[in-house]
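Visitor: I would like a close look at a single part of this structure. Please give it as one connected account.

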Amino acid sequence: MTNPNDPKWILSSSPHVFQGDTTARIMWQVVAALTPAVVWGVYAFGWRAAWVIGWCVAGAAAAESGALRLRGRPNALADGSAVLTGLLLGMNLPATSPWWMALLGGVVAIGLGKQVFGGLGQNPFNPALVARVFLLISFPVAMTNWAVPGGALADAVTAATPLGAAKTAVATHGALGDALAGIPWWKLFVGLQPGSLGEVSELLLLVGAAYLLWKRIIPWDIPVAFLGTLVLVTGAAWLGAPAKVVPPWFHLVTGGAVLGACYMATDMVTSPLTARGRWAFGVGCGLLTAVIRLWGGYPEGVSFAILLMNATVPLIDRFTKPRKFGWVPDAKGAAS
């Protein structure tokens with residue numbers, strides 16, 4: 001039986017108990033969770049990877065400071081949100097990206113993806129993904145010039161990503177053939193594959209996500225719904241045409257599925273508020289990613305899927321709004 005004197009059941013007027021979480025504390029913890037994957041990216045692709053990330057962060061920080069100064073607001077760089085946006089953008093770029101493109105991406109992320117809507121907490125779309133899609137559409141060649149992991153001191157060698165190689169093989173020959181032969185799954189899982197400099201090591205991304213789940217900074221339902229739906233849809237397609245479709249586990253360990261599901265779809269500003277809404281949001285992200293990967297023109301679809309689902313968040317929140325305590329519908333459906 002519930003103890004009515006238990007402090008957690010006592011409803012009092014504000015001010016309420018402060019748990020210690022602040023915007024800065026949350027943002028910097030996410031940055032810390034991403035650090036192992038970033039370090040791996042620098043090791044795998046060389047110092048050029050750190051160069052790209054540095055320019056992304058510099059562009060985001062400069063745009064944040066400039067926009068806040070123009071709006072007459074105090075500088076908020078210390079809260080870490082602009083740094084996190086620049087870091088996420090850098091992790092979504094090839095290590096071969098030119099410095100000016102990374103800088104431009106950081107400026108677009110903050111200027112077009114965040115400050116134009118009013119700043120932190122007002123943006124409907126994930127700012128880093130807005131910039132990534134902008135760069136992908138504007139500079140498609142530079143954005144698909146993937147480096148092969150070769151160690152920090154290795155020369156840059158480029159190749160198609162595993163998803164890109166599979167898409168090209170099916171488009172050219174009508175079947176996968178031996179496009180993926182000799183690629184052990186563990187190499188893809190630990191990060192020995194061409195791709196964006198921060199998304200190749202699913203292992204380290206999952207380690208960071210586990211930390212954020214433990215600290216309750218990200219919800220568990222969005223990643224589970226996202227990745228579970230991606231596996232179900234791609235698994236059904238693989239069972240129907242195994243010669244043309246890569247297996248579902250391949251979709252998990254390649255591309256940006258884990259990075260998107262754990263770190264970008266879970267953005268508390270651009271994701272639904274309720275548990276039912278988060279499940280709907282995650283399922284939508286996974287479904288759209290699978291559709292784009294299986295039948296779209298791009299081998300990857302995570303960025304487009306999350307941005308499209310960001311646009312549906314107000315509608316999801318409206319239809320998953322919790323019922324008010326004591327609410328009773330009348331004959332016309334209005335509260336009484």
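Predicted model: local features only at pLDDT ≥ 70, side-chain atom pairs only at ≥ 80, totals over all residues.

Guide: Residues are numbered from 1 along each chain as its sequence is written, and side-chain values use heavy atoms, without hydrogens or water.

A pocket here is an open set of points on a 1 Å grid where a 1.4 Å probe fits, with protein on both sides within 12 Å along at least five of seven lines; lining residues have an atom within 4 Å of a point. The space in the largest pocket is about 310 Å³, counted as the volume filled by probe spheres set on the points. Its lining has twelve nonpolar, eight polar and four charged residues (Asp, Glu, Lys and Arg are charged; Gly is among the polar). At least two lining residues come from each of α5, α6 (162-173) and α13 (302-319) (a helix is a DSSP run of H or I, at least four residues).

R132 also takes part in a helix contact: P127, A128, A131, R132 and L135 in α5 meet T85, L88 and L89 in α3 (contact is heavy atoms within 4.5 Å). Of the residues in this contact, six are nonpolar, one is polar and one is charged.

The axes of α3 (residues 81-91) and α5 (residues 127-138) come within 8 Å and cross at roughly 40° (axes are fitted to C-alpha atoms; angles run from 0 to 180 degrees).
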